[in-house]
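Please look over the model shown here before reading on.

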Amino acid sequence: MRLLLVEDDVSLATVVERGLQEDGYAVDVAGTMLDALHDLDSNEYDVAVLDLGLPDGDGVQICRWIRERGQHLPVLMLTARDGLSDKVDGLDAGADDYLTKPFDYPELTARLRALLRRPSDVHQPTLEVESIRLDPATRVVRSAGVTVPLTAREFSLLEYLMRHGGLVVSRETLLEHVWDANYDGLSNVVDVHIANLRRKLSAEDVIETIRGVGYRMGAEVVA
Ligand code: CA
């Protein structure tokens, strides 16, 4: 899952960025509204965390900009203020949730998980494709009942494929959602991680290669 963190407090941004990266998110950080709009314009995010007070604007303006462009990504607002009018402004602008500073990191991740959960997932938080089960809350992956230890990146890659079960996901899309903007490594990094996943899951066939396009988990969805 790729996340945009908009926060001008560098020390807070660094702590949150590190935590989220350890949790497997691909994280881009913007310290100004201008940078945030540029990032939103050039990348495709799964979720955005917006600080309310920024040097050149505020999170409400960014949220309004996102919604005016018809982007539906979930937005979590961070605010040092807990005044009712700020919350109303943010919700009017299309924010999905709020967190008042100071906050505990586990509360942030719990809210992000809730925002990323599709409505149909509410009563079935565990993702399941064939013999593979992935629990986004506990971050436990099992293959045929056996727990499989994965790196944060491998987990994130598997989660993305499972959330899009039945659909062909291109390498470009995987790079976009699982790796952040600072990534400048080898172009076959996706294939290398897929190979590692297949080996660790002891299930070569569960991730299907769609030649020239990308990968798919689960039976093809026919539109
Ligand atoms: Ca701020």
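The text below describes parts of this predicted model.

Residues are numbered from 1 along each chain as its sequence is written. In this predicted model, local features need pLDDT of at least 70 and side-chain atom pairs count only at pLDDT 80 or more, while totals for chains, interfaces and linings use all residues; side-chain values use heavy atoms, with hydrogens and water left out.

**The sheet**

An open sheet is formed by 5 strands in the order 2-1-3-6-7, with parallel pairing. Strands (E, at least two residues) and helices (H or I, at least four) are DSSP runs numbered from the N terminus, and two strands pair if DSSP finds at least two bridges between them. Strand 2 (26–30) and strand 7 (97–100) are at the edges with a single partner strand each, so one side of each has no neighbour in the sheet. From one strand to the next, the twist averages 20°. Strand 1 (residues 2–6) pairs with strand 3 (residues 47–51) in the parallel sense over 4 bridges, and Val6 stands opposite Leu50 in strand 3.

**The calcium site**

Asp8 (OD), Asp51 (OD) and Gly53 (O) coordinate the calcium ion at 2.1 to 2.3 Å. Donors are N, O and S atoms within 2.8 Å of the metal (3.2 Å for Na, K and Ca); water is not among the atoms, so sites may look incomplete. Asp8 is in the loop between strand 1 and helix 1 (10–22), and Gly53 is in strand 4 (residues 53–54), 45 residues apart.

The table gives the relative accessible area of three residues, where buried means under 20%, exposed over 50% and partly exposed in between (1.4 Å probe, protein chains only).

| Residue | Relative accessible area | Class |
|---|---|---|
| Asp8 | 32% | partly exposed |
| Gly53 | 35% | partly exposed |
| Arg2 | 3% | buried |

**Arg2**

Arg2 is in strand 1. A polar atom of the Arg2 side chain lies 2.9 Å from the backbone oxygen of Glu176. Beyond four places in sequence, Arg2 is in contact (heavy atoms within 4.5 Å) with residues including Asp28, Tyr45, Trp179 and Asp180.

**The cores**

A nonpolar core is a set of buried Ala, Val, Leu, Ile, Met, Phe, Trp, Tyr and Cys residues joined through side-chain atoms within 4.5 Å. The largest one has 44 residues, and Leu3, Leu112, Ile132, Leu158, Leu201 and Met217 have the most contacts inside it. Helix 6 (residues 152–163) gives the largest share of this core, 6 residues. Another core, of 22 residues, lies apart from it, with Leu50, Val60, Ala95 and Tyr98 among them.

Definitions and conventions
Axes fitted to C-alpha atoms, helices over the stretch in contact; angles between N-to-C directions. Polar contact = N/O pair within 3.5 Å; in protein donor to acceptor, adjacent residues only side chain to side chain.
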